[in-house]
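Welcome! Please take a moment to look over the sequence and the model before reading on.

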Amino acid sequence: MKINDTLIDQQLERSLLASLFVNAFATEHMRDVQGIVIADDFSTDEDKDTWRVLCKCCDDGKELSPINIFAVGKQMGIDINIKRYTTSESLFADSKILAEQVHAVGQRRRLASRVEDVLMSLLYDFDKTTEQATAELDKIVKDITTTNQKNCETFGEVYRQLLKQTQDKANGLLPEGVRSGFKLIDSKGGLERGELMIVAGRNSNGKTSLALCMALNAAMSGEPVGIFSLEMTNLQLTTRLTSILTGINGESIKRAELSTDEWERFVALDDAAPIYFDKRRSTSADALISNIKGMVAQQGVGVVVIDYLQLLRGKERERLQQIGGIAHQLEALSKQLGICIILLSQLRRNQPNDPVPKLEELKESGDIADAADSVYLVYRPERHGKDFRYPDMSQNWSGITTEGTALLMCCKNRQGSLNGEQMLAFDATTTRFYEQDNFKPAEAVAGVDYDTPF
């Protein structure tokens with residue numbers, strides 16, 4: 001290879017690394033290129049070491065900032081020359097295009113080196129026959145072809161994976177989805193790993209409370225849960241979770257006005273539930289994804305709750321494109337990490353004469369329904385006035401009281417049956433959703449408290 005060609009290749013490799021150092025979306029770009037480039041694609045040891053540090057930083061859930069990169073490098077015993085990359089003129093080049101070029105050049109370099117070794121051995125190893133050299137060259141070509149096809153799977157290969165997975169589940173060797181504690185959801189697989197679940201509803205209809213109840217049920221079964229709230233502080237979340245667990249009115253906890261019995265329940269609460277809160281509370285979608293990766297790596301969480309989608313910010317200019325893009329990013333993340341992500345979402349503004357939530361209204365919030373594996377809508381008519389009742393769907397729900405109840409509706413289920421509803425009981429003093437067998441008829445409603453907290 002000519003010296004000029006080598007210098008051009010090194011400049012290309014350095015441009016790729018530079019594009020991942022201080023770009024505002026470097027963490028997201030790193031996830032895009034990690035599946036394209038390998039360390040051996042780089043021609044110098046310094047750039048190979050830098051790439052390994054970037055990969056380690058990303059795998060640990062850290063944002064790709066010069067400070068984090070330098071610190072992770074120190075932990076790995078590698079001194080990163082920050083100035084080498086941050087002074088480059090290619091900081092904002094398209095990292096994915098650069099990655100494809102670097103990988104293609106690196107692959108060509110390795111091929112040329114292997115072919116050169118075979119030809120040199122044919123010239124200087126007099127015991128080697130031309131047939132042996134030809135066989136070695138054929139193997140090199142086959143290896144390169146196999147490498148190029150590594151991202152391709154046949155139907156037969158995937159079918160055998162499905163067969164083994166199904167047999168293992170039937171024999172109890174693989175866990176089913178994490179139990180949410182609600183029959184409608186659990187009958188459809190529960191909180192399935194590798195899936196994005198949308199829980200949506202109008203304002204003050206209890207979507208946060210429902211998600212926290214599911215999180216608690218998952219954690220009490222032993223599954224570590226991560227909660228990322230952009231609307232509530234971690235102390236507020238803990239207050240609400242404590243209220244659900246103890247049955248103590250949340251307002252009483254906030255005012256510290258507890259009876260003797262409530263104090264005993266409060267101080268005796270087992271705080272060992274594997275629930276983890278995010279401390280950074282960033283509205284950046286890139287930062288959120290990085291924080292989720294870190295929590296999965298460090299705490300082993302299998303269920304993540306995000307409250308809520310419309311508070312996040314993406315890199316697209318248009319707001320609807322931002323929301324849809326973030327939803328698709330989280331869908332990909334759930335499959336990449338093998339976790340269940342419960343993403344809360346608001347619907348468009350309330351329709352005064354028809355407050356029943358609909359899937360079409362979710363699509364108007366950035367077409368996020370397309371990204372979801374499942375969509376559940378929660379509806380509490382008592383939040384909209386005494387004249388509203390439940391709609392009759394698979395059952396005659398309109399005959400059930402709206403006091404202290406909620407209707408949970410499945411509007412999308414990519415892996416199974418689509419429709420279905422479940423009537424839930426709701427305790428407004430603790431914001432707890434729970435199951436019960438019998439409900440009062442609508443005529444038995446004496447009065448409704450419209451100011452109960454969620």
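This is a predicted model: local features need pLDDT of at least 70, side-chain atom pairs count only at pLDDT 80 or more; totals for chains, interfaces and linings use all residues.

## A covered strand

A residue is called buried when its relative accessible area is under 20%, exposed when that value is over 50%, and partly exposed in between. Strand β1 is mostly covered, as seven of its seven residues are buried. Glu 195, Met 197, Val 199 and Gly 201 point one way from the strand, while Leu 196, Ile 198 and Ala 200 point the other way. As a rule, side chains in a regular strand alternate between the two faces of the sheet.

Which strands does β1 pair with? Seven bridges join β1 to β5, and the two run parallel. Here Ala 200 stands opposite Ser 345 of β5. Another four bridges join β1 to β6, again in parallel, and Met 197 stands opposite Ser 374 of β6.

## The chain as a whole

Stepping back, the chain has 16 helices and nine strands. Buried residues make up 47% of its 454 residues. Among contacts between residues at least 6 apart in sequence, 69% join residues at least 24 apart. The chain exposes about 23,300 Å², and carbon and sulfur atoms supply 51% of that area.

In soluble globular proteins, nonpolar side chains tend to be buried together. The largest nonpolar core here has 41 residues, and the members that touch the most others are Ile 198, Ile 292, Val 304, Ile 306, Leu 330, Ile 341 and Leu 362. Two or more residues come from each of β1, α14 (285–299), β4 (303–307), α15 (319–337), β5 (340–346), β6 (374–379) and β7 (405–413). Helix α14 gives the most, with six residues.

What does Ile 341 touch, leaving aside its neighbours within four places in sequence? Its contacts are Glu 195, Leu 196, Met 197, Val 304, Ile 306, Leu 330, Leu 333 and Ser 334.

Thr 208 sits in helix α10 and counts as buried because its relative accessible area is 12%.

## A nonpolar patch on the surface

Some nonpolar residues are found on the outside: Phe 155, Tyr 159, Leu 162 and Leu 163 form a surface patch with about 460 Å² of accessible area together. Leu 163 belongs to helix α8 (residues 155–170), and its relative accessibility of 37% is why it counts as partly exposed.

## Backbone details in the loops

Asp 307 and Tyr 308 are joined by a cis peptide bond, with omega about 0°. Tyr 308 is in the loop between β4 and α15.

Ser 204 has a phi near 65°, a positive value in a residue other than glycine. Its place is the loop between β1 and α10 (207–220), and its relative accessible area of 40% makes it partly exposed. Ala 256 also has a positive phi, near 60°, and lies in the loop between α12 (250–255) and α13 (260–267).

## Salt bridges

Side chains of opposite charge can pair when their charged atoms come close. The structure holds 16 salt bridges. One of them joins Arg 265 and Asp 261, at 2.9 Å from N to O. Both residues lie in helix α13, four residues apart, about one turn of the helix. Arg 265 is partly exposed at 32% relative accessibility, and Asp 261 is partly exposed at 43%.

How far apart in the chain are Glu 331 and Arg 414, which form a salt bridge with their closest N and O atoms 3.1 Å apart? They are 83 residues apart, with Glu 331 in helix α15 and Arg 414 in the loop between β7 and β8 (421–427). Glu 331 is buried at 15% relative accessibility, whereas Arg 414 is partly exposed at 37%. Lys 440 and Glu 403 also meet in a salt bridge, at 3.6 Å from N to O. This pair links the segment after β9 (432–434) with the loop between β6 and β7, 37 residues apart. Finally, salt bridges that share partners join Glu 251, Lys 254, Arg 255 and Glu 257 into one network.

Definitions and conventions: Residues are numbered from 1 along each chain as its sequence is written. Side-chain values use heavy atoms; hydrogens and water are left out. A nonpolar core is a set of buried Ala, Val, Leu, Ile, Met, Phe, Trp, Tyr and Cys residues joined through side-chain atoms within 4.5 Å. Buried means under 20% relative accessible area, exposed over 50%, partly exposed in between (1.4 Å probe, protein chains only). Contact means heavy atoms within 4.5 Å. Patches are made of residues with over 30% relative accessible area and no salt bridge: like charges are joined within 9 Å, nonpolar side chains (Val, Leu, Ile, Met, Phe, Trp, Tyr) within 5 Å. Accessible areas come from the Shrake-Rupley method with a 1.4 Å probe; for residues, only the protein chains shown count as cover. A salt bridge is a side-chain nitrogen of Lys or Arg within 4 Å of a carboxyl oxygen of Asp or Glu. Two strands pair if DSSP finds at least two bridges between them.
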